[in-house]
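Here is my note on this model, written as numbered points. Please keep the sequence and the 3D view open while you read.

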Amino acid sequence: MRIIDYIPTGHNNAVTRETLRSLTRLNDRKIRDLIAEANKSAPDDVLIINMQDGKGYFRPAPDEKYLVRSWRAQMRSRANENGEGADAADRYLKAVNATRRSRTEESNIDGQMDIFDFLK
């Protein structure tokens with residue numbers, strides 16, 4: 001199945017995921033996966049986007065480059081936010097590991113192993 005065959009050209013013709021589910025008989029996850037794969041592997045002049053305005057998915061028309069620029073900005077912002085989330089997870093893990101090492105050092109004065117030794 002080629003998801004691109006179900007995605008119209010032009011923002012005014014956008015189709016919702018609900019419509020795509022009905023047309024393709026696929027679940028949301030599979031539809032999103034197929035769209036992501038199409039955007040990775042389709043020819044460079046083919047793109048499927050969703051402006052997050054409730055209208056749904058569409059292939060931009062030649063005169064809709066401004067929408068592609070806006071969508072690209074949304075995607076880059078989302079990527080930056082995800083990166084910041086990953087950075088927060090890194091800081092958390094570093095702090096937790098430091099705390100566990102400190103607890104282990106304090107409780108290991110007699111040389112016994114602590115359960116936190118296995119979690120490093």
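1. Start with the core. The largest nonpolar core has 13 residues. Ile3, Ile7, Leu20, Ile31, Ile35, Ile48 and Tyr57 have the most contacts inside it. Helix α2 gives the most to this core, with four residues. A second, separate core has six residues, among them Ala14, Phe58, Leu67 and Trp71. A nonpolar core here is a set of buried Ala, Val, Leu, Ile, Met, Phe, Trp, Tyr and Cys residues joined through side-chain atoms within 4.5 Å. In soluble globular proteins, nonpolar side chains tend to be buried together.

2. A word on the source. This is a predicted model, in which local features need pLDDT of at least 70 and side-chain atom pairs count only at pLDDT 80 or more, while totals for chains, interfaces and linings use all residues. Residues are numbered from 1 along each chain as its sequence is written, and side-chain values use heavy atoms, with hydrogens and water left out.

3. Now the overall layout. The protein chain has three helices and two strands. Their order along the sequence is α-α-β-β-α. Helices (H or I, at least four residues) and strands (E, at least two) are DSSP runs, numbered from the N terminus.

4. How much of the chain is buried? Of its 120 residues, 24% are. Buried means under 20% relative accessible area, exposed means over 50%, and partly exposed is in between (1.4 Å probe, protein chains only). The accessible surface of the chain is about 8800 Å². Carbon and sulfur atoms account for 49% of that surface. These areas come from the Shrake-Rupley method with a 1.4 Å probe; for residues, only the protein chains shown count as cover.

5. Look at contacts along the chain. Take those between residues at least 6 apart in sequence: 43% of them join residues at least 24 apart. Contact means heavy atoms within 4.5 Å.

6. Check helix α2 next. Helix α2 covers residues 28–41, which is 14 residues. At 1.5 Å a residue, α2 should span 20 Å, and its end C-alpha atoms are 20 Å apart, so the two values agree. The expected span is 1.5 Å times one less than the number of residues.

7. Which residues of α2 are buried? They are Ile31, Leu34, Ile35 and Ala38. These residues cover an arc of only 100° around the axis, which puts them on the same side of α2. The arc is that of the directions from the helix axis to the C-beta atoms. An α-helix has 3.6 residues a turn, so residues three or four places apart point the same way. The buried residues of α2 pack against α1 (17–24) and β2 (57–58). Exposed Lys40 and Ser41 sit on the face turned away from the buried side.

8. See how α2 begins. Asn27 caps its N-terminal end. A side-chain oxygen of Asn27 lies 3.2 Å from the backbone nitrogen of Arg29. A polar contact is a pair of N or O atoms within 3.5 Å; within protein, one must be able to donate a hydrogen and the other to accept it, and residues adjacent in sequence count only if both atoms are side-chain atoms.

9. Thr24 deserves a look. Thr24 lies in helix α1 and is buried, with a relative accessible area of 7%. A polar atom of its side chain lies 2.6 Å from the backbone oxygen of Leu20. The side chain of Thr24 also reaches the backbone nitrogen of Leu26, at 3.2 Å. Leaving aside neighbours within four places in sequence, Thr24 is in contact with Met1, Ile3, Tyr6 and Ile31.

10. Two backbone angles stand out for checking. Most residues other than glycine have a negative phi. Arg25 is not a glycine, yet its phi is positive, about 65°. Arg25 lies in the loop between α1 and α2 and is exposed, at 75% relative accessibility. Gln52 is not a glycine either, and its phi is positive, about 60°. Gln52 is in the loop between β1 (49–50) and β2, and is exposed at 53%.
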